[in-house]
Amino acid sequence: MKDKRFKIIYLELTNACNFSCDYCPIDQQTRKKEMMDADFAKSIIDQIAENELTDFITFHLMGEPFLHKELAMLTGYSEARNLRVRLLTNGSLLESSRNVELFENNCTRLEVGFRTPNDTAFNLRLRGGKLTLDDYIWRVKGLIEDKIRTGASTEVCLKFFIRSHAAMLGMAEEYEHLTSEADNLKVANLFRDHTFEMARKYNVPIGEWSDVPVRVIDGEYFIFPGISLAFARIQEFWVREQRAQVEGTTFKAVVGGCSAAFRDDFGILASGEVTTCCIDYDGKNVIGNLHNISLMELLESREAKRMLRSFDFFIPPTEFCKECRGGPTLLSSVTKQVGTIAIDIKDRLAPRKHYRSLRNRLAKRDQGTLSTPKVPATPPAAPQAAPTPKTPVTPSRK
Ligand SMILES: C[S@@+](CC[C@H](N)C(=O)[O-])C[C@H]1O[C@@H](n2cnc3c(N)ncnc32)[C@H](O)[C@@H]1O
Ligand code: SF4
Ligand code: SF4
């Protein structure tokens with residue numbers, strides 16, 4: 001299948017969130033909190049589909065998509081138009097009826113940003129809600145059960161943090177409460193054990209999957225058909241934004257590489273404004289609003305082309321991009337500038353297929369040939385004890 005113009009498009013259904021994670025600049029938004037009108041969202045999906053702009057779409061940039069009442073309908077609408085939905089959620093609002101509704105609407109992939117493997121990290125996320133870490137884990141376990149019980153084709157991915165490259169080089173904080181390998185392994189093992197328990201409960205063969213060890217890597221791997229664990233590096237720029245540490249303390253980039261900014265992807269905010277990327281949480285790189293102009297006109301606009309061309313020559317086109325590609329010290333800033341250029345050159349010389357492994361899996365799934373995994377050589381990590389499940393409490397939805 002030929003690659004479409006964009007790898008993915010971020011369509012933010014809402015910029016409101018029921019969490020206030022200490023690593024995400026949610027509270028630094030000056031944007032009005034809003035829900036995108038469902039008919040407007042459909043008209044954007046139509047424009048994306050009719051112009052064959054991408055195969056993959058998300059429903060976030062900032063915000064929690066599960067707060068949008070028409071999420072399942074919009075998922076079904078996109079999938080019916082051949083736009084595969086990669087749906088991200090913080091997981092706090094997961095519940096059985098909603099899970100099944102998303103499965104029935106053919107949601108391609110549901111990613112749970114679990115991210116907080118201990119009470120310290122979890123409690124820092126709460127916006128006055130009553131959810132506990134055990135309740136939160138219980139909700140994710142419920143998703144695993146629903147997936148196995150229904151045999152849904154939706155991929156479920158459970159995501160954790162690992163340290164940034166800068167932290168590994170001693171140039172940035174480790175954010176140990178979020179990246180603790182021991183704590184992440186403990187919860188990851190819990191999810192794996194629950195997966196097998198549910199497989200046994202619903203008579204789904206486990207086969208060689210029990211040989212797959214739970215380990216922390218930089219990447220994603222499957223622990224059962226359609227259920228994966230992913231470990232991704234925490235992005236230090238956003239943590240500093242949330243802590244309001246960026247303004248005046250950043251060594252802004254002079255050069256830098258980036259494949260977003262209308263090359264590989266771009267974002268549409270809940271207001272209808274179009275911006276460069278999923279990093280632009282406050283709409284500082286906005287080039288226009290889809291309430292006033294069509295998507296294709298905006299993509300062909302002088303400003304979109306200026307940004308694209310600027311990154312062709314490794315020049316960050318806006319002040320926000322200079323902050324994003326900069327760092328808190330001169331050394332970290334220079335390292336990031338050089339590093340992002342190196343990655344960009346590598347990408348240009350050997351372009352990666354858009355979401356290659358996901359596409360391969362989807363193709364195999366459609367042909368009914370998706371099989372068991374290649375079992376890694378390392379021995380399985382020792383499973384940890386599971387906490388007692390509790391009745392979930394719905395968190396506040398401010
Ligand atoms: C902004 S959230 C919006 C979707 C949803 N609320 C969620 O949490 O999954 C999108 C993704 O960004 C991730 N994220 C937030 N802050 C981050 C950071 N500092 N570094 C890396 N990823 C981050 C979240 O964990 C999530 O996977
Ligand atoms: S990461 Fe997601 S859940 Fe956490 S504050 Fe940001 S938008 Fe909300
Ligand atoms: S450099 Fe600019 S376009 Fe690229 S990710 Fe950062 S803010 Fe977005």
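Modeller: Two residues are in contact if their C-beta atoms, placed from the backbone, lie within 7 Å. This is a predicted model, in which local features need pLDDT of at least 70, side-chain atom pairs count only at pLDDT 80 or more, and totals for chains, interfaces and linings use all residues. Residues are numbered from 1 along each chain as its sequence is written, while chains are lettered from A and ligands numbered from 1 in the order in which they are written.

Let us begin with Leu11. Leaving aside neighbours within four places in sequence, Leu11 is in contact with Ala41, Ile44, Ile57, Thr58, Phe59 and Ile268. Leu11 also belongs to the largest nonpolar core, which has 91 residues. Such a core is a set of buried Ala, Val, Leu, Ile, Met, Phe, Trp, Tyr and Cys residues joined through C-beta atoms within 7 Å. A residue counts as buried if 20 or more other C-beta atoms lie within 10 Å of its own, as exposed if 12 or fewer do, and as partly exposed in between. The residues with the most contacts inside this core are Ile9, Leu11, Leu13, Ile57 and Val140. Helix 5, residues 133-150, gives the most to the core, with seven residues. Helices (H or I, at least four residues) and strands (E, at least two) are DSSP runs, numbered from the N terminus.

We may now turn to helix 2, which spans residues 71-80 and has Leu71, Ala72, Leu74, Thr75 and Ser78 as its buried residues. Seen down the axis of helix 2, these residues fall within an arc of 165°, so they line one face of the helix; the arc is that of the directions from the helix axis to the C-beta atoms. The cover over them includes helix 1 (38-50), strand 2 (56-58), strand 3 (84-89) and helix 3 (96-104). After helix 2 comes Asn82, with a positive phi near 65°.

The strands complete the picture. Two strands pair if DSSP finds at least two bridges between them. Strand 7 (residues 227-233) pairs with strand 5 (residues 155-162) in the parallel sense over seven bridges, and Ile227 of strand 7 stands opposite Val156. Strand 6 (residues 219-224) pairs with strand 7 in the antiparallel sense over five bridges, with Phe222 opposite Ser228. Strand 6 and strand 7 form a hairpin with two residues between them, and Gly226 in the turn has a positive phi of about 80°.
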